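This report is meant for a reader meeting the structure for the first time. It begins with confidence and then turns to where the chains meet.

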Amino acid sequence: MAAGTVKTRRTFLVIFLFFSLLFSSSGQSSFTRQLIVQLNPGWSAPAPPGGDLLHIRAVGDNDTLHFLFCSQGAPTLLLVHTNSSSSSVKVDWTPFLARNTTGSLRVEPESSVLSSTALVFSRVGDVHLKSAQTLNPHTQEVNLSLSLSQLLEYDDINDTASMTSDLFPPYELQNLSWSRMNSSDPFAPLCGSVVNSSGSICLQLSAFESEGRGQSWPRLLHTANSSQLGVWLDGVSPRAARSRFMLELQAVGGAYPLSRVDVHRSIDDEFTPSIFKASHWVSSANGSSEVVGFVRWRSVAFRRSKPALEDATPCRNSAPRPQSSEAAASGLIRAFYSNVETFGLNVSFGLAGEPFYNSTRFLSWTLLMGVGSPPVDSFSALVVAVMAVGLGAPVLVLLVGGVWICARKRAMEPTAAYEPIN
Amino acid sequence: MADFEERRSLLGDEDERFVGDREPQRGAGGTGGTGAMPAICDPRHLLHRVVVLVFMCFLGFGSYFCYDNPAALQTQVLQDLNLNTENFMRLYAWYSWPNVVLCFFGGFLLDRVFGIRFGTIIFSVFVCAGQIVFATGALLNHFWLMEAGRFIFGIGGESLAVAQNTYAVNWFKGKELNLVFGLQLSMARLGSTVNMNIMGWVYNKVAGLVGSPGYTALGGSLMIAAVTCLFSLICALVLAYLDKRAERILQKEQGGTGEVIKLTDVKDFPLTLWLIFIICVCYYVAIFPFIGLGQVFFIEKFNFSPAEARAVNSIVYIISAPASPILGFLVDKTGRNVVWVIIAVTATLAAHMMLAFTFWNPWIAMSLLGVSYSLLACALWPMVAFVVPEHQLGTAYGFMQSIQNLGLALIAMAAGAILDTRGYLVLEVFFCACICMALMAVVMLYFVDYLRGGDLNQSAAARARLQKEATSDAENKRRPTPRPLLDPSVITCPQECFEMMSFIRLPAPPPAL
């Protein structure tokens, strides 16, 4: 009987543990930011020539994230983390449009914010706090930018999905004519029509007030510290029947270049069925494992606009390579950074044996970019609940049955002594 | 057991002597006209029976080979036909649907309607035609035709297994029957394993021949797989001829399954039997649909090559071939079936949780799954004979197979849908939940059985003691009790059950008055 109570306690402990897990996983998303969206800040005329600049201020309690998305030159997303909740972006439009003057776009902090630094930094990490302070004591601590420079297409005659095959002249994304952004719907897709083709390449930015997941696959987990960029190719005519595509990305990390890609394996594929890998392209402080900024994606692209499992196609990336600063064809990068250390990598879509682009003429891929460490998937409430009930129920049956049998035995014992034996 | 061995050998001798006595007579009379036959042609001779055994074993090879064709070619089927997983799993569901009903009538059709020889040929034709329709559907890229093919294949598949066992009893009753059952089963496992490991290669060769992978290549490789069914059909024809010939020479009756299924028996089934049904359904739905979907899982989660993935997927079958007789013997010698079932279910749960929540090498989990799957079969199927009277055994096994097929059909589709929308983790959690239900049922079975006197969970020693008492009471020392299930021994039940046929013991009969 004593063993029974110990068992009971243990069981309750297990059940309690599961339920506390359950609630902790659902009650995590307390951190929120307020989003303020502005199109072409400081520009009064209808639309600046050559492309728009979208500015999203994500204001937290003690800090601000500035997301800047620009179609001047190659489309670029710039993320600046400041330790003030009242920092702002200043653009000198004339040099900015000329795309050659550093400092034509600045993030201006209030001068009195130093005291609040510690609190803000604690979210990013102490190690980083120190290095950031020594490097740049009064302004932005983390900034990183990502630009999509080229769309590469190659003819995969032997179906090997390796780039050694015939490479067509790349589409330079800075040369495409991009659609105009709209202040009434700032998160509308930005599309660039591809020359000699009815198709286009589109980008869609999302910024978030709080933690959550995207609506459609790959349903990346995001926090208020990150933004999501969806990229898709729709109806671009392939130049060969067996064409496959690659996308060249360039990232600038300011003080901390995005120099390595970590591949994370996760047992959790609930939100991206049958995909167990995610790539984290991270920038970290010198010699430290502390991650200060990241670009994260699941190793999957989809061949249809309404993705299903059978439309999933794996994607791979090359190792990031340092590139010359002139390589950055983005107006935003030139305006913001003075001395840039650029890293570039290619993401290629499809493996040997997979259907070619021509089969659906659609390809979509999603990435997440943010400051701090990449968000880590945890088991959903569904999984935890099913396992808790599934494992708990047999134990419960065992206990109830055991107790019942014991009770019955006890009740039977005295009478059994007087019963005749047959 | 010793008694039984003795009786069997005695019987064997008797048989031989009997045959020996009759031979000169017949030679003199010339009734058969086969006086001086070489041993290989003589139905009375062991050598001839071995030849028959070879055909018998290959009779089922085709259907076992083709059953898991979709699993072996999972990636190719999904890609070439542009299917989602739910549709893919319908190929398995369509196989199970006819068997929800047919397992009640398979034996009846063999006995009363067609007869064993004609029945076997008909079922072989169904298997063969089903596979050809399946392959044609792939060639023409018509998925509905493939589903129809699997349905036809299903009509023949399980009934053919019954026919195969009827033949075995017919030719080997009282002689080498256990060995024959064992060999047939090893052949079935061989069919499944060879299929898993060879179809990818066949597909690549066909794809090379037709120029590119695609539904044509898929249809072509499935057509090649159909050759095994054709081969099995030829075996059925040869067996029919040999059986007819033996009947003429030996002047014996055409054998039947001897099975009587009365659906009205269902209302008399005890609670323990229903619990056994629940265990059976909940357990097997977490095994077969998983194997059907395993290949892509091992490729995606564990970075296996397709060939490796197919190999690890087939390990369950490979392990169960040698493990089943060994574990069957172990369970038979120790008794305590309920405890063994609890161990098997728990081990399976552990294996599924390993696959779900860890990146440990899947060879570990799959091997554990293979052993526990064999152990469960050894402990679970013979239990039925303890809880229902002999005359209801056929109905009980038929019913068990029917709901197992119903469960497989439904869960196969559900598993596909879950994978399509929520991925492998949730699918594995779903399978874990099924196993947990089985675990709950087996724990309940333990208590119910305990309250009713604990027949199921007796140790072998206790069983032997009871047996001794029963025999001395009955003053019938020559009859061994519990008796092995040999006489009406062919019962419509799935593959795993046949395997355990030699370990199924009937409880001691009531003492003769």
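## Confidence in chain B

In chain B, mean confidence is lowest in helix 1 (residues 2–29) of chain B, at 39, and highest in helix 13 (residues 337–357) of chain B, at 94. These values belong to a predicted model. Chain B as a whole averages a pLDDT of 80, and 81% of its residues score at least 70.

## Confidence in chain A

For chain A the mean pLDDT is 76, and 80% of the residues reach 70 or more. Among the elements of chain A, strand 20 (residues 300–302) of chain A has the highest mean, 91, while helix 3 (residues 117–124) of chain A has the lowest, 22. Residues 110–140 of chain A have a pLDDT below 50, yet in the model this stretch has 49 contacts beyond near neighbours in sequence.

The model scores ipTM 0.79 and pTM 0.81.

## Where the chains meet

The interface joins 35 residues of chain A to 35 residues of chain B. About 3,000 Å² is buried between the two chains, and carbon and sulfur atoms give 71% of that area. Arg265(A), Ile267(A) and Phe276(A) supply 19% of the area that chain A buries against chain B, more than any other three residues.

Six residue pairs are in polar contact across the interface, both residues of each pair being at pLDDT 80 or more. On the side of chain A that touches chain B, helix 6 (residues 381–418) of chain A gives the most, with 16 residues. By class, that side of chain A has 19 nonpolar, six polar and ten charged residues.

What salt bridge is found across the interface of chain A and chain B? There is one, and the side chains of Glu270(A) and Arg422(B) meet in a salt bridge at 2.6 Å, N to O.

## A helix of chain B

Helix 9 (residues 215–250) of chain B has 36 residues. From first C-alpha to last, helix 9 of chain B reaches 51 Å, close to the 52 Å expected at 1.5 Å a residue. Gln251(B) follows this helix, and its phi is positive, near 55 degrees.

Conventions:
Residues are numbered from 1 along each chain as its sequence is written. Chains are lettered from A and ligands numbered from 1 in the order in which they are written. Side-chain values use heavy atoms; hydrogens and water are left out. Contact means heavy atoms within 4.5 Å. Buried area is the accessible area (1.4 Å probe) that two parts lose on being put together, summed over both. A salt bridge is a side-chain nitrogen of Lys or Arg within 4 Å of a carboxyl oxygen of Asp or Glu. A polar contact is a pair of N or O atoms within 3.5 Å; within protein, one must be able to donate a hydrogen and the other to accept it, and residues adjacent in sequence count only if both atoms are side-chain atoms. Helices (H or I, at least four residues) and strands (E, at least two) are DSSP runs, numbered from the N terminus. Ala, Val, Leu, Ile, Met, Phe, Trp, Tyr, Cys and Pro count as nonpolar, Asp, Glu, Lys and Arg as charged, and the others, Gly among them, as polar. The expected span of a helix is 1.5 Å times one less than its number of residues. pLDDT is the predictor's confidence in each residue, from 0 to 100.
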